[in-house]
Each structure stands twice: as structure tokens, then as C-alpha cells.
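I opened this entry to record what I looked up, chain by chain. Short notes follow.

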Amino acid sequence: MRTGDYKETIGQLVALSDSAVVWGWTIALIAALLLLPFFMGAYTQTLMVSALITIIGAVGLNILTGTTGLISLGQAGFMAVGAYTNAILMTDHGVPVWVSLPSAGVVAAFVSLVVGIPSLRLKGLYLAITTLAFAFIINHIILYADALTHGPNGIFVNGATLFGLDLQRGKPLYYLALGLTIAAVLLALNLSRTRVGRAWMAIRDHDIAARVMGVDLVRYKLFAFMTSSFIVGVSGALLSLQIRFVNIDVFAFILSIEALAAIILGGLGSVAGAVLGALFLSFLPEAIRLSIATFADPSSTIYTDYVYEIRGIAYGVVIVLFLRFKPDGLIGFWRDARRYWSDWPLAY
Amino acid sequence: MAFLALLVSTGLVTGATYGLIGMGFALIYKATGVVNFAQGELVMLTAYIAFSLAGALGLSFFPLMLVAVPISMAIGLVLERVFIRPMLGEPVFSIVMVTVGLAVILRGIVVLIWGSEPLNFAAGIATTVVAIGGVPFYLAQLYLIGALALLTLLTWLFLRFSRFGVAMRAVAANETAAMLTGVSVDRIHALAWMLSSAIAAIAGALFAVNYKLAPDLWFQGLKSFPAVILGGMDSVVGASVGGLIIGVIESLAQGYLGEGLRDIAGFVVIIVVLMIRPFGLFGSQDIERV
């Protein structure tokens, strides 16, 4: 058990971590991630980039749903806004990627006000339904605003270069995704330790009590909407860079479910949980594919024929099992293990 | 004028589906306080089961329903026992997320069993056209509207007069107090799921006959949300009235405002209703005490 661990200044209290060991492992992890592209093939790299994009999306949703307690089923809508902003700016207006990528986040943040302001009076299930409605309305607008979005034809996204590097394939794409992931994680971690983060948690725990204590609900709820959608919008833009083509089929309802599943199974309200959950969910379909390839008849086409259904069932099962047996998620396992060892031999 | 009458009549038919599905939502919400996001999937699953039964037994519509409804009720009971019951006492958010998970699972299972091709399902209903006041209706469309009227009346009578119905309203009003007066809350929850699945079976079969039986039928569940919100989440009769109104609004929006608006008119209505009157037309207003 750790003893004599006194915090004497505010700085020490709000430090990201006070443990040299944690810092050491974090640096080792980042170094490993930086070196990874030199040891893996193209396929693994694609998977890693998809996983990183999912992580960014989950970290963004976690701010809204995990930290502030506003349930959103509109993740796919915000991602679509980000992806389309990026695609339209790059392809139709020739804007360089270092401008269009942040603009995607900014546009998504402002669009989130359109759903955020009418939702101020709502919470819980009603909010979930409004955000769901919002996602469908966004899809509809994209489909019918031909002049801007090319409607059902979609938009090809090509030519994202920075300093002569092609940001849409290979190592540059990986490093871009990794850098943005680290930025998103740092943003979420830092926000959660400030006045803003504490206000969000107060709203989540009891909004009326928070109001009584002087938390401005309107301002902080809208800020949560905007921050979350900014991050989600950037992840959508990154997705458009990776797949090089956007149309509304990419942003189906299942994306919203996937993001919610990720933060639930990681552990609601925890940034590390969101990262773990997203990572787990990104590799889950791959694990299913491999296990089918290993154990089932190799000529069977069940996985390729029903890839969406199998993924859907897997997400559903994961959501149900975790909510029932481990409501604090993957991060809960980590906390249990840590408590066991740090309190040993007085462990429960 | 004929155009308007046609729009209203098609609107009433789609609205009847929304109403039926919405009644299922409202029953579960009323008794258990949970929005069942898997209601659309329940409708789809029971419709496919009715399809298989019709193929195997070759029954006409009413005998088919006599077989399909009890099976659906059993499915509702099983789902409640396996997925929802163990979550009793957890936060509402968790239970709702379980229904979201359940929804995705059911959606996948239906495609794995029945494939993704649309199927033709006649359910033994003749394709005769009947004209009512100059507006033509298919027989199946009349069945749909008739089913909505009948089930609304039955549900209202059930909630108003039957012992179980009164108990269900007691649970809705105050779960702990109902438990203290000797109502078995567990059983009421199970009953709500069974009744909701029964309504889902009828809604699913009739929808499939009128339109088509395809794995995107679950989407009708999401499209029925506007009906429930408009009627008030905890009002079963409200859901059926709300369904008809939403159906007509969608149809008019499509006819007069522009193509494609049919798909989102309902969702626009949701946002407007939630801003002006969040508890709907017939719902009871929540008063939060700190």
C-alpha cells in the first residue's frame, strides 16, 4: 500500500499522473506505437488506422455521454458532417488538408448546436431519441442537397498531401491518425480535470443539484456538445481520408451503436476506458474472422456473406454481456487488479 | 381533392403501422419505464416467424394469427427473462442500452436465418380492392386500420377494467407502492413484454402483407418513435392516435412539399414536439422533486 503520499499543491493534485512508473510506461507505449509501422504489413496498418479513428470517435462521444451524461445516438450524423466537410473542401474547393481537417471539426461543432439547443430541455431517453432523429435528418439533407454534397453519388477524396507526403496511405496516414488520437486523448484528459470537466460531471450526476450550485447548464451542456462533436467531426474527416470516398452509406446507424458500445464496454466516463473499448471493438470483427477461418470449413463463405450481420451480433452480445456482468467495463478489470495489488495483503 | 383524399388514405395506412408498433413501445414504457429500442426488431422477427408458419401450415390470415400471436408472446417472455429481468435495479440507461444491444442481435439473426432478399408474404389475404367513399383501399390496408382500431379498443378496455390492466397502471404510477399493495411487479413486467410482442406480431404480419417482408423492417420501429413521442410515451391510446397523425403528416409532406420528405417528416415532428410539449398529447407530465 502506498503511504506518505501527500499532495501539497494544487499542481500536484491535478497532475496527469504522479507516478514515474506510469510516465515510463506511457512513454514506452508511445515509442512502441511510433515504431510499429516499421514492423507491420499493409493490412495490419489499415486495421490500426481504423482502430485509431474509432478511438478518436469514442473519446469524443465519451465527453458527451460518459462525462456529461447526455446520451447520444447521433454519432454517425456528426461523423458524416465532419467527413463531408472535409471531402467538399478538399475535392470541390481545393483546400489543403491542414485547413480542411480542423474545419471539419469546427463545422461539426457548430452543427451540433443545431441539435444541442433544442435538446437543452431534454435529458435521458428523450435526448437519445432527438439525437437519433438528428442523424437521420442529416443523412437526408446530405442525400438531397445535390449541389453541395453530390447526393447519392458521393465524393472521392484524393490528394491530401502535406510537405510532399501523401497523407492518405502508408506511414504518413498512420502517423497522422496516431498524432490526432494522442491530441484527442490529451484534450479529453485535460478538460476533465478543469472547472469545465468538473461542471460536466456535476451535470451528469445530478443536473438540478449542479444548477443549484451555480453550474450554468446551458453553457456547459452546449460546450460538451461542441467539444464532443469537434472531436467526432475530425474522426469523420480522418475516415474520409482513409477510405478515399464518402457517401451516406458509410455513416449508417450501426456507427452510432459501435461508438456507444465502445464506451460502454470500456467503462463509461473514463478516457482510458473509451480507448480500450474502441480498440477491443475494432479488433473484434478481425478476431471473429480469424476464428471462423481457423475452426470452420475454410471454403465456407459465411463471414464474407454476412459480415455486417456478424459484426452487429458481436457488438450486441458485447454490449449486453458487459452491461450485465461488468458495468464498469474493461477499465473496471484494470482498477480491480490495481486495487488488489496495491492493497495487498489487505486486499478484500 | 381526390389527390388529398388519396394522400390522407395512404397516410392513414402507414400511420396504422406506426400506431401498432408505437402501442408496443408505449405498453413496455408504461409498465417498466424502459424505452424498448428493440421493438422494431421484435416486429420484424415475429413477421418472419409468421411468414415461415404460413409457408409450413398454409393457413389463412386469422388462423395464422391464432398460431403466431402465442408464439410471439412466448418469444417476448423469453426475451424479457433472458435480457431484461437480470438488469432489474440497474440504471435505466443500462437497461435501454441492453435493448439497443438486443436490437442489433435480433437484426443479425433474422438475416442469418431468412437471408437478406425481400420476400413476398400474402398471409392468405385476398388482393381485392374496396372503394370507401370513392377512395380505393386494398383489403390488407383495411385489415391494418381495422387491427389498429380493434387493438386500441382492446388495450384501452384491458388497462381500464381488467385486474392485470389496473395492476399495470399501478406499477406505472409507483412501482414501490404497487409492490407494497401486493402487485407482483415482476409478472407485470413480463406481461407487458408479452402483450407488446403480441401487438408486434400483428403489426409485423400486416405490414409485411401491405409492403414487403425484408430485413429493413426494423427501421419501421425507429420510424414509429415520432408516433410515441407525439402521443406521449406512457399513453397507449396516444401512440395509436399519434401514429395516424404522423402517417398523414408524412404522406402530406411527401405529396405537397417534396420527395423524400416522407422519411424525415416524422423526425422533424419529434424535435418540434419535444421542444413544445415534451410529454406529448396524451402523456402525463413528469414532475421532478429534488
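I read the elements of chain B from the N terminus on: α-α-α-α-β-β-α-α-α-α-α-α-α-α. That is 12 helices and 2 strands. Helices (H or I, at least four residues) and strands (E, at least two) are DSSP runs, numbered from the N terminus.

I noted the ground rules next. This is a predicted model, in which local features need pLDDT of at least 70, side-chain atom pairs count only at pLDDT 80 or more, and totals for chains, interfaces and linings use all residues. Residues are numbered from 1 along each chain as its sequence is written, while chains are lettered from A and ligands numbered from 1 in the order in which they are written.

**Chain B, overall**

I checked the radius of gyration of chain B. It is 19 Å, which agrees with the value near 19 Å for a compact globule of 290 residues. The radius is taken over C-alpha atoms, and the globule rule is 2.2 Å times the number of residues to the power 0.38. Along its principal axes the C-alpha trace of chain B spans about 55 × 45 × 35 Å.

I then looked at burial. In chain B, 54% of the 290 residues count as buried. A residue is buried if 20 or more other C-beta atoms lie within 10 Å of its own, exposed if 12 or fewer, and partly exposed in between, with C-beta atoms placed from the backbone.

Contacts came next. Two residues are in contact if their C-beta atoms, placed from the backbone, lie within 7 Å. Of the contacts in chain B between residues at least 6 apart in sequence, 75% join residues at least 24 apart.

I picked helix H8 (residues 185-210) of chain B. Its 26 residues should span 38 Å at 1.5 Å a residue, and its end C-alpha atoms are 37 Å apart, which agrees. The expected span is 1.5 Å times one less than the number of residues. H8(B) is mostly covered, with 22 of its 26 residues buried.

Helix H12 (residues 261-276) of chain B has 16 residues. From first C-alpha to last, H12(B) reaches 22 Å, close to the 22 Å expected. I found buried residues along H12(B), among them Arg262(B), Phe267(B), Ile270(B) and Leu274(B).

**Chain A, overall**

Chain A has 16 helices and 4 strands. A compact globule of 348 residues would have a radius of gyration near 20 Å; chain A has 21 Å, which agrees. Its C-alpha trace spans about 65 × 55 × 45 Å along the principal axes. Buried residues make up 44% of chain A. Of its contacts with a separation of 6 or more, 78% come from residues 24 or more positions apart.

**Where the chains meet**

I counted 32 residues of chain A in contact with 35 residues of chain B. On the side of chain A that touches chain B, the elements giving two or more residues are helix H6 (124-144), helix H12 (253-266) and helix H15 (307-325). By class, that side has 24 nonpolar, 5 polar and 3 charged residues. Ala, Val, Leu, Ile, Met, Phe, Trp, Tyr, Cys and Pro count as nonpolar, Asp, Glu, Lys and Arg as charged, and the others, Gly among them, as polar.

**H12 and H16 of chain A**

I looked up how H12(A) packs with helix H16 (residues 329-343) of chain A: the angle is about 15°, and the axes are 3 Å apart. That makes H12(A) roughly parallel to H16(A). Angles under 35 degrees count as roughly parallel, over 145 as roughly antiparallel, 65 to 115 as roughly perpendicular and the rest as oblique. Axes are lines fitted to C-alpha atoms, for helices over the stretch in contact, and angles run from 0 to 180 degrees between N-to-C directions.

**Single residues**

Phe322(A) lies in helix H15 of chain A. Phe322(A) is buried because 24 other C-beta atoms lie within 10 Å. Beyond neighbours within four places in sequence, Phe322(A) is in contact with Ile264(A), Leu265(A) and Gly329(A).

Arg244(A) sits in the loop between helix H11 (217-243) and strand E4 (245-246). Its phi is near 65°, a positive value in a residue other than glycine. With 14 C-beta neighbours inside 10 Å, Arg244(A) counts as partly exposed.
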